[in-house]
Amino acid sequence: MEISKSLCFFLLLLLLLFFVDQARSAAINGDSEKLHRLLHLQKLPWKQQEEAVINCIFQKPRVREGITTLEMKERDYCSGKVTDWQKNLQNRLISDAIHVQSLQSRIKSAIFSGDTHQISDSQIPLSSGTRLQTLNYIVTVALGGRDSTLIVDTGSDLTWVQCRPCRLCYNQQEPLFDPSNSSSFLSLSCNSPTCLALPSATGNSGLCGYGNSSSCGYEINYGDGSYSRGELGFERLNLGEIVIDNFIFGCGRNNKGLFGGASGLMGLGRSKLSLVSQTSSVFDGIFSYCLPSTGAGASGSLTMGGGDFSNFRNVSPISYTRMVSNPQMPNFYFLNLTGITIGGVNLGVPNNGALSLIDSGTVITRLTPSIYRAFKAEFEKQFSGFQTAPGFSILNTCFNLTGFKEVNIPTVKFYFEGNAEMTVDVEGVFYFVKSDASQICLAFASLGYEDQSMIIGNYQQKNQRVVYNSKESTLGFAAEPCGF
């Protein structure tokens, strides 16, 4: 009898140990899945587009309780079929390098000049470091009752479209906007308080009389040599069923650049001229986006307004951090980056954090040299055993993954002040320089100097719900499989 009891106890103990071991293994495997993620190399856009039908007809905007959601697409898929993906991918990097160089130059000039108005896009003439031949996203709105497809940019303030009559206009898919055919268009006089207040802040003169008229002229010069010049006007803007009367925009009469067939640009910066500020009475200064992956026909969304986020498809809670005030660059969105992990390993970020600009127009995330060196070393340590490849342009950590259908890569996470975090989507870790996967590179680059501002690029923001709340000066992140 005693032997039977001892045997039963022994068997129960073995059973208990077995379940503990299984639970431990499950936990380890679960952590492993979180620390590493699969990148499927067969789901690349150039492979999918071979048989895909390019469809750039935007779906009707959704309106729910005063919140408007617009479908967002990557500009490449609305510029015709990409015939040379390799050239396309490489040109993005070259243009992105020019853009960031221009942007850093603007930041440096603002800081050392002490002139808080020098590079503000709320002044006229306007100046922006936006690049136009990179990875851009577009939405369609109605301006004066006509559809206009616009490039979305958080680094610009003025919304503008090409207008008829046009002295110099690039090719666009839609008819040019003709203010003479719009009953709701009104030219902004150079003697109006709005126009007079802008040049007085910069000391600039000669803003009146654009085209020998009394209208209020503007000029935007971009980092790649592109530009838009014209006059400001008022017009009715429709965002779905939401109507914005007397919306101030730029009517471009002289425009040059590679805008991919878009009608113009939507400025989502922080100045008084931006779409965010002009619609603050309707949307409370809140907007969010979910940038789609680069798959053929992939869609994302731009949502104006907030409060009820139940219609979002986020798979993780929205975590918020505060926007950092930067008097020298008041129209941009700065955050305090407090940490970076690769596969769960914490990198050395300064204790007080690092000032970082989040930008929907910059493609590749830029890190300070010291943080990038640590990032590169840890990634190479965890992603070992693969054949290396030469670097290209700004990217110098590259691999040859020819023949692989999928690879397991370390999870990259960014942490911000207030315990906010952003897990980089698996498609945002590697950048494909060559479409046959013989040269794919870590999609992060080093800045030239330690005192330059780090930038969170749009390549790392894919499949994320990014929520901007200008009223509360907060910005939130949540993982979301983008769609519409």
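Q: In this predicted model, is Cys-195 buried or exposed?
A: The model is a predicted one, and the cut-off for a buried residue is a relative accessible area under 20%. Cys-216 falls in that class, and Cys-195 likewise counts as buried.

Q: How many residues apart in sequence are the parts that the pair Cys-195 and Cys-216 ties together?
A: A disulfide joins Cys-195 to Cys-216, with 2.1 Å from S to S. Because Cys-195 lies in helix α4 (residues 193-202) while Cys-216 lies in the loop between α4 and β9 (217-221), the parts tied together by the pair are 21 residues apart in sequence.

Q: Which strand holds Cys-441, the partner of Cys-398?
A: Cys-398 and Cys-441 form a disulfide whose sulfur atoms are 2.0 Å apart, and both residues are buried. The pair ties together parts that are 43 residues apart in sequence, since Cys-398 lies in strand β21 (residues 398-399) and Cys-441 in strand β26.

Q: Is Cys-169 buried or partly exposed?
A: Cys-169 forms a disulfide with Cys-166, their sulfur atoms 1.7 Å apart, and Cys-166 has a relative accessible area of 25%. Buried would require a value under 20% and exposed one over 50%, so at 26% relative accessibility Cys-169 counts as partly exposed.

Q: What is the volume of the largest cavity?
A: The structure holds 5 cavities of 30 Å³ or more. The lining of the largest cavity includes Arg-62, Glu-480 and Phe-484, and by class this lining has 2 nonpolar, 5 polar and 4 charged residues. The space in the largest cavity comes to about 70 Å³.

Technical notes:
Residues numbered from 1 in each chain as written. Predicted model: local features only at pLDDT ≥ 70, side-chain atom pairs only at ≥ 80, totals over all residues. Heavy atoms only, no water. 1 Å grid on protein atoms, 1.4 Å probe; cavity = no way out; pocket = protein on both sides within 12 Å on 5 of 7 lines; lining within 4 Å. Points joined across faces, edges and corners; volume = space filled by probe spheres on them. Nonpolar A, V, L, I, M, F, W, Y, C, P; charged D, E, K, R; others polar. Disulfide = S-S within 2.5 Å. Buried < 20%, exposed > 50% of the residue type's maximum accessible area, 1.4 Å probe, protein only. Helix = DSSP H or I, 4+ residues; strand = E, 2+ residues; numbered from the N terminus.
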